[in-house]
Amino acid sequence: MRAALLKRAARDAMDYLEEVDARSVAPSAKAVAALAALRGPLPPGSTSAETVLHLLHEYGSPATVANGGGRYFGFVNGGCLPAAMAAGWLVSAWDQNAAFLVQSPTAIVLEEVALEWVRELLGLPAGTGGAVVTGATMANFSALAAARHTLLKRTGWDAEADGLFGAPPITVVVGEEVHPSLLKALGLLGLGRKRVVRVPVDGQGRMRADALPHMDAQTILCLQAGNVNTGAFDPAAAICPAARAAGAWIHVDGAFGLWAAASPEYSKYTRGFEQADSWATDGHKWPNIGYDCGIALVREPEMLKTAMSVRAPYLETGGPREPSDYNPELSRRARGVELWAGLRSLGRQGMASIVERTSSHARRFAAGLKAAGFQILNDVVINQVLVSFGSPEKTLRTIARLQAEGTCWCGSTVWQGQTAMRISVSSWATGKEDVERSLAAMLAAARE
Ligand SMILES: Cc1ncc(COP(=O)(O)O)c(C=O)c1O
């Protein structure tokens with residue numbers, strides 16, 4: 001019975017993927033309304049697994065957003081590489097709890113290997129280690145927990161044991177264009193979303209190296225590699241030496257931009273970030289590992305371990321690297337397996353190629369829109385484009401038409417006071433033809 005069910009799930013998934021590129025990227029209003037069939041009270045009795053699967057495919061599949069195709073340019077959403085997707089199916093079949101070696105040698109070994117591959121691809125120092133988490137938000141949280149631990153330990157304060165009431169203060173320095181998820185991580189850590197020193201930025205959102213405040217051994221400096229709107233990088237090479245000399249902890253939010261390090265053509269942008277103490281990035285963005293997958297890396301992994309590990313007589317530890325020691329969770333999905341599978345299928349050149357292809361597509365979008373008379377608001381350095389179609393109202397109307405028309409999907413933003421459409425080319429599946437079709441749809445939406 002189980003085999004028949006899984007075969008049917010595989011068939012439904014394949015049907016879905018075969019159609020995903022042909023359908024409207026946003027689901028139709030009718031499909032979204034039909035989700036009502038999945039609501040209602042929990043039935044008192046059981047439902048057959050076949051019926052459950054039927055309901056999902058019948059009503060769930062049509063109301064998804066087609067970000068698995070080649071023309072989804074919203075947020076910074078990657079697609080899912082075939083190897084990572086297939087690995088995910090196996091991971092579900094294995095149903096491993098990837099907390100301790102004794103629970104899953106396979107999951108723990110693959111996670112360890114994948115973390116080392118990520119370290120190498122990002123050009124980070126040997127000995128750096130970390131955790132595979134759910135996304136960059138939790139990666140920022142985890143890495144900053146290590147920072148908090150280390151800085152307070154220097155003053156003789158044990159943050160994990162004694163909390164923050166009465167603790168010596170820590171100064172957190174961020175750029176004016178910090179991603180809100182980093183502020184959220186600071187809030188969760190008791191360091192405060194608002195209690196930060198904000199450094200002015202330039203027109204691309206880059207922290208101004210000449211505007212940094214005083215820093216010392218009680219400072220956490222948060223740099224950004226890849227602004228969510230412009231794709232711009234803080235000037236790490238200009239900033240890090242002085243911050244290091246002052247004894248500050250340097251953290252890098254590199255949710256997608258850090259992967260530029262994998263490409264010989266784009267690695268110039270990530271120069272200097274290797275001098276940091278911790279880094280947060282995503283597998284589900286540029287590397288296209290699928291949801292969800294984030295990675296926290298710390299130069300001295302022992303600091304992360306001290307912040308995260310728990311012990312209890314029933315928890316069997318003793319492996320050389322127990323994931324539970326480095327993660328905010330205890331029980332957890334073996335998402336390191338998909339990371340391993342995706343990176344293994346890409347190799348170094350495959351990762352470089354995603355960075356290069358998507359960035360080249362972004363330049364084509366910018367050139368096509370500019371040639372049609374529209375204003376590109378950012379220097380297109382990697383895979384992000386900001387375009388204004390005129391007044392804020394006209395730009396928002398164009399975006400609404402584009403989303404409703406369905407050829408592709410882009411969202412809106414306000415960049416330093418200007419309303420813009422965001423184009424984030426993050427999927428391995430986007431080809432030149434997707435770009436040309438989408439560009440034509442954008443120009444048509446702007447003309448109406
Ligand atoms: C720079 C930056 N940091 C953090 C995040 C949050 O990532 P996640 O949604 O994976 O938690 C994003 C998301 O786009 C981002 O661009």
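Helix axes here are lines fitted to C-alpha atoms over the stretch in contact, and angles between them run from 0 to 180 degrees between N-to-C directions. The model is predicted. Two packed helices are described by the angle between their axes and the distance between the axes.

Start with helix H11 and helix H13. H11 covers residues 335–371, and H13 covers residues 432–447. Their axes come within 10 Å and cross at roughly 30°. Angles under 35 degrees count as roughly parallel, so H11 is roughly parallel to H13. The crossing of H11 and H13 is right-handed. On the H11 side, the contact uses His361, Arg364, Phe365, Gly368 and Leu369. These meet Lys432, Val435, Glu436, Ser438, Leu439, Met442 and Leu443 of H13. By class, the contact of H11 with H13 holds 6 nonpolar, 3 polar and 3 charged residues.

H13 also packs against helix H12, which spans residues 392–405. The axes of H12 and H13 come within 8 Å and cross at roughly 130°. That angle makes H12 oblique to H13. The crossing of H12 and H13 is right-handed. H12 contributes Lys394, Thr398, Arg401, Leu402 and Glu405. H13 answers with Ala441, Met442, Ala445 and Ala446. The contact of H12 with H13 divides into 5 nonpolar, 1 polar and 3 charged residues. Met442 of H13 takes part here and also in the contact with H11.

Now move to helix H6 and helix H8. H6 runs over residues 136–154, and H8 over residues 180–188. Their axes come within 8 Å and cross at roughly 45°. The crossing of H6 and H8 is right-handed. Thr137, Asn140, Phe141 and Leu144 form the H6 side of the contact. The H8 side consists of Ser181, Leu182, Lys184, Ala185, Leu186 and Leu188. By class, the contact of H6 with H8 has 6 nonpolar, 3 polar and 1 charged residues.

Thr137 leads on to the ligand. Which residues are the closest to the ligand? They are Thr137, Asp253, Asp282, His284 and Lys285, out of 13 residues that surround the ligand. A polar side-chain atom of Asp282 lies 2.7 Å from an oxygen atom of the ligand. For His284, a polar side-chain atom lies 2.8 Å from a ligand oxygen atom. For Lys285, the distance from a polar side-chain atom to an oxygen atom of the ligand is 3.0 Å.

Two backbone details remain. Where does Asp292 lie? Asp292 is in the loop between strand E6 (278–282) and strand E7 (294–298). The peptide bond from Tyr291 to Asp292 is cis, with omega near -10°. The other detail concerns Asp95. This residue sits in the loop between helix H4 (82–94) and helix H5 (105–121). Asp95 has a positive phi of about 50°, although it is not a glycine.

How values were computed
Residues are numbered from 1 along each chain as its sequence is written. This is a predicted model: local features need pLDDT of at least 70, side-chain atom pairs count only at pLDDT 80 or more; totals for chains, interfaces and linings use all residues. Side-chain values use heavy atoms; hydrogens and water are left out. Helices (H or I, at least four residues) and strands (E, at least two) are DSSP runs, numbered from the N terminus. Angles under 35 degrees count as roughly parallel, over 145 as roughly antiparallel, 65 to 115 as roughly perpendicular and the rest as oblique. A crossing is left-handed if the near helix is turned anticlockwise from the far one by less than a right angle, and right-handed if clockwise. Contact means heavy atoms within 4.5 Å. Ala, Val, Leu, Ile, Met, Phe, Trp, Tyr, Cys and Pro count as nonpolar, Asp, Glu, Lys and Arg as charged, and the others, Gly among them, as polar. A residue is near a molecule or strand if one of its heavy atoms lies within 4 Å of it. A polar contact is a pair of N or O atoms within 3.5 Å; within protein, one must be able to donate a hydrogen and the other to accept it, and residues adjacent in sequence count only if both atoms are side-chain atoms.
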